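Colleague: I'd like to go through this model with you before I set anything up. Could you show it first?

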Amino acid sequence: MRAISIWKTWLRDFLSAQMLTSPREWLRVSCGTGLGLLLSVWLCQQLFTAELLLHLIGPLAASAVLVFAVSSGALAQPWSLLGSYAIATVVAVTLGLLVGHTPAYACLAVAISVLLMSVLRCLHPPAGAVAFGVMLAEPLVQQQGYLLLLPVMCAAVALLCAALLYNNLTGARYPKRPQLSELHHTHDPLPEQRVGISPDDLEHALEDFGQFVDITREDLGRLVRATEGYALKRSMANLRAKQIMSHDLRCVTPQTRREEALGLLRHHRLRNLP
């Protein structure tokens, strides 16, 4: 019986965690993936040969899933998409010209591409398929050399434009932008950063973790602070007003001119002045 229990536990580890997204989000993502991929493929069909398209459609479909389904992830941001495609193409073409086109060298091209993408902070998994496909393409495609950058980047840009348009129109902010740390032009940190974790805390935690995390630092901070918020509901007695109050205040007096007060409101992005 113990062996059966261990076996079941081992098999359970292969199951993915339950997705916490709604069916509405599933529908939004599936429609965006299909439409974005269709636009990219149609554009490539108008500009390039069918033989070349066959080597791009696979990686492009994988990228479509990333930029529409997990658009908040670090691996799905615009620089990750564009930078990785360019690196993979250059590496594959260069390696092909130097040593030839074999499956073993194609694997080497993928490895070098992943290393360079990591260094340049543009890791994007489908780019590995780009490097592999370029290395093992038909001789007619391989002969184009570095000119292959044109169709590859054209496909990537088309998909990126579709993702930018569709995601933002459907309420998913893309790309992810860092939150302004000096929103009011004062020395106070943002209210949610005055209690709990700080950006430095996140940096140290990620350094200690030491592995790739497919989430932006901003979203990770939001998740942790949201978790802290739920935890605070159980321990509100320990929270003091001074921990969340502003200290670097901007005030007016009865003698302050109206133009000065309006200038303070605009500059510090405030709605009222004490």
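Modeller: Reading along the sequence, the pattern is α-α-α-α-α-α-α-α-α-α-α, with 11 helices and 0 strands in the protein, where helices (H or I, at least four residues) and strands (E, at least two) are DSSP runs numbered from the N terminus. This is a predicted model, in which local features need pLDDT of at least 70 and side-chain atom pairs count only at pLDDT 80 or more, while totals for chains, interfaces and linings use all residues. Residues are numbered from 1 along each chain as its sequence is written, and side-chain values use heavy atoms, with hydrogens and water left out.

Colleague: What percentage of the residues count as buried?

Modeller: Of the 274 residues, 32% count as buried, taking buried as under 20% relative accessible area, exposed as over 50% and partly exposed as in between, with a 1.4 Å probe and protein chains only.

Colleague: How do α2 and α3 cross?

Modeller: The axes of α2 (residues 23–47) and α3 (residues 50–69) come within 9 Å and cross at roughly 150 degrees; these axes are lines fitted to C-alpha atoms, for helices over the stretch in contact, with angles from 0 to 180 degrees between N-to-C directions. That makes α2 roughly antiparallel to α3, a label used for angles over 145 degrees.

Colleague: And where does Glu51 sit?

Modeller: Glu51 is in helix α3 and is partly exposed, at 41% relative accessible area. The C-alpha atom of Glu51 is separated by 8.8 Å from that of Leu140, although the two are 89 residues apart along the chain.

Colleague: Switching to charges, how many salt bridges are there?

Modeller: The structure holds 4 salt bridges, each being a side-chain nitrogen of Lys or Arg within 4 Å of a carboxyl oxygen of Asp or Glu. One of them joins the side chains of Asp248 and Arg250 at 2.8 Å, N to O, and Arg250 is partly exposed at 26%.

Colleague: Which residues are linked in a network?

Modeller: Arg257, Arg258 and Glu259 are. The closest N and O atoms are 3.8 Å apart for Arg257 with Glu259 and 3.9 Å apart for Arg258 with Glu259. Arg257 is exposed at 53%, as is Arg258 at 63%, whereas Glu259 is partly exposed at 46%.

Colleague: Last one: is Val119 buried or exposed?

Modeller: Val119 counts as exposed because its relative accessibility is 60%, and this residue is found in helix α5 (residues 103–119).

Conventions: Parallel < 35°, antiparallel > 145°, perpendicular 65-115°, else oblique.
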